[in-house]
There are 2 protein chains.
Amino acid sequence: MTADRRPIALAGIGKIARDRHIPALEDSEDWSLEATISRNSEVEGIESHADIESFLEARPDIDTISLALPPGPRTAYAEAAIRAGRNVMLEKPPARTMAECLRLEALAAEAGVTLFATWHSRMGHAVESAAARIREEGLVGIRIDWREDVRKTHPRQDWIWEEGSLGVFDPGINAFSILGEILDMPIALREVSMEIPSNRQTPIAADFAFTHPSGAEISGVFDFRHDGDPLWDMWIETKAGRFALRDSGSRLEADDGDVPGNQSEEYPLLYRRLAELVDAGESDFDLRPLHHTADAHLIGRRSIVEPFDW
Amino acid sequence: MTADRRPIALAGIGKIARDRHIPALEDSEDWSLEATISRNSEVEGIESHADIESFLEARPDIDTISLALPPGPRTAYAEAAIRAGRNVMLEKPPARTMAECLRLEALAAEAGVTLFATWHSRMGHAVESAAARIREEGLVGIRIDWREDVRKTHPRQDWIWEEGSLGVFDPGINAFSILGEILDMPIALREVSMEIPSNRQTPIAADFAFTHPSGAEISGVFDFRHDGDPLWDMWIETKAGRFALRDSGSRLEADDGDVPGNQSEEYPLLYRRLAELVDAGESDFDLRPLHHTADAHLIGRRSIVEPFDW
């Protein structure tokens with residue numbers, strides 16, 4: 001802990017806040033968690049506010065706010081914080097809709113504050129190595145394999161099946177965020193098929209293929225009906241050979257040796273990046289992962305499959 | 001006809017080209033239609049090419065191309081034209097996906113050519129008057145009523161029911177394009193419900209509501225199951241009263257008198273605007289109508305309804 005840590009507030013004290021944000025902030029050399037904003041939860045020893053308005057009024061000295069709320073209520077919080085001149089860090093996805101994202105971006109530019117749309121999987125330990133290898137060797141293709149048992153990763157979380165949530169694209173958007181980081185050319189979804197349980201609104205599985213300007217074949221599958229530990233892997237072929245980017249970007253497996261991973265670094269790295277952005281007075285608001293997700297819903301072929309119950 | 005009309009080529013010689021583009025170009029003081037590009041159709045008296053590559057090679061002197069193709073093949077044509085340094089005008093919607101749009105935008109900026117995403121309904125005779133009235137009087141609410149008999153407006157056009165087509169959003173995106181022109185504040189879809197025939201992929205009807213920064217209530221309905229002539233109307237309430245913007249932006253009805261419409265002006269005005277953009281070396285590539293359409297698919301609640309057959 002150093003004397004010049006910047007004050008920060010965290011809104012939304014749920015599972016992701018306790019698992020990831022708070023431990024990262026406790027160890028941070030950049031930030032000091034000085035307030036939380038949550039209707040239902042508190043963090044022992046930290047000043048607590050029930051809503052964004054009372055926080056903004058009580059603590060004009062805290063000029064950066066991290067929002068770990070779900071996307072539904074998050075946009076109104078982000079808007080209030082930006083209007084009050086505070087820097088804002090947003091959990092993924094940055095908003096429910098493209099139009100909300102563009103509105104936040106315009107408001108932040110007007111207010112002159114930092115807006116940071118985080119994509120935690122990009123901070124995976126091996127993502128940079130994979131990007132360098134693709135750049136040097138030339139891409140032939142990527143096969144994405146993103147499978148998990150929704151009963152374990154989202155136990156009884158009915159919100160994930162409601163319209164406006166993303167279903168299997170909730171983890172899948174993490175794969176899209178890694179693609180944006182390891183590819184230096186723009187890609188667009190060409191074909192998507194989605195399976196939707198007959199009693200739910202959002203997809204339980206999806207298959208997709210992208211077009212890539214150089215003709216590289218990028219395709220994959222997202223599936224919530226997986227047994228056992230999650231698979232969050234990309235199988236990558238370059239002109240020089242094959243390697244795998246595994247565990248949501250945290251580990252690179254190749255014949256010439258592995259780059260070991262450490263998934264717990266993701267959130268510390270996000271908060272490090274936030275400090276750099278605030279220092280530089282810059283924003284980082286990459287919407288491509290959300291574009292691809294919206295595009296999938298726009299062009300996807302839907303099949304109704306058997307009902308899903310916990 | 002004047003001596004200094006610019007040469008232009010038109011790709012995609014289907015119904016919209018014959019009904020709208022060719023008459024507009026024949027009467028244009030700015031443009032002279034010197035070539036068509038179409039696998040199946042020709043226009044009497046005009047040089048014809050079967051595909052974009054042979055056209056680009058044969059006619060380096062024609063530096064502007066208008067694409068009246070469906071969005072599926074259109075993006076590849078646009079990309080080839082931009083790479084060859086030609087200015088491009090695109091029928092709505094500008095591409096199948098957001099990612100394709102952003103790619104075209106980046107390519108055009110790199111090539112230094114004009115890119116014009118047209119939204120013909122914006123050129124409706126009364127759209128500007130409606131915008132001025134809303135600005136002066138202050139908006140209270142808009143109710144959108146966009147209904148047509150799909151059997152008459154898209155007779156036996158099965159493509160409209162295939163994934164990647166927009167179903168009832170194909171006409172509906174015109175309403176969204178008018179909203180972008182008459183509102184000076186950004187709006188975002190808040191709630192959408194869609195009805196999809198059990199034997200089809202795209203919606204036959206949709207209900208929706210937007211959030212507006214000032215709290216104005218903007219909502220509407222799109223419906224393909226309408227008897228009789230199409231209704232393409234917006235019922236607008238301002239702090240000073242009510243008026244209607246009817247017939248897809250072409251007519252304004254109010255107590256203090258009507259602004260008469262002339263829908264046939266839309267395409268001449270689009271080609272006028274294209275000439276201005278090319279002269280100025282600028283682009284006009286507003287993606288908001290497509291954002292709202294993608295957002296509707298991303299957050300929309302879907303109900304399966306009775307099958308649709310022609």
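A salt bridge here is a side-chain nitrogen of Lys or Arg within 4 Å of a carboxyl oxygen of Asp or Glu. Keep that in mind for the tour of this predicted model, because the count between chain A and chain B is two such bridges.

Let's start at one of them. Select Arg301(A) and Glu163(B): they form a salt bridge, and their closest N and O atoms are 2.6 Å apart.

Now zoom out and colour by chain. Chain A can be laid on chain B by a turn of 180° and a shift of 0.0 Å along the axis, with an RMSD of 0.0 Å. The two copies are thus related as by a two-fold rotation axis.

Next, select the interface residues.

For a helix pair, show H9 (residues 288-299) of chain A together with H4 (residues 98-111) of chain B. Their axes come within 8 Å and cross at roughly 130°, so H9(A) and H4(B) are oblique to each other.

On the H9(A) side, pick His291(A), His292(A) and Asp295(A); they meet Met98(B), Ala99(B) and Leu102(B) in H4(B). Colour this contact by class and you get three nonpolar, two polar and one charged residues.

How values were computed. Residues are numbered from 1 along each chain as its sequence is written. Chains are lettered from A and ligands numbered from 1 in the order in which they are written. This is a predicted model: local features need pLDDT of at least 70, side-chain atom pairs count only at pLDDT 80 or more; totals for chains, interfaces and linings use all residues. Side-chain values use heavy atoms; hydrogens and water are left out. Copies are superposed by least squares on the C-alpha atoms of residues with pLDDT of at least 70 in both. Axes are lines fitted to C-alpha atoms, for helices over the stretch in contact, and angles run from 0 to 180 degrees between N-to-C directions. Helices (H or I, at least four residues) and strands (E, at least two) are DSSP runs, numbered from the N terminus. Angles under 35 degrees count as roughly parallel, over 145 as roughly antiparallel, 65 to 115 as roughly perpendicular and the rest as oblique. Contact means heavy atoms within 4.5 Å. Ala, Val, Leu, Ile, Met, Phe, Trp, Tyr, Cys and Pro count as nonpolar, Asp, Glu, Lys and Arg as charged, and the others, Gly among them, as polar.
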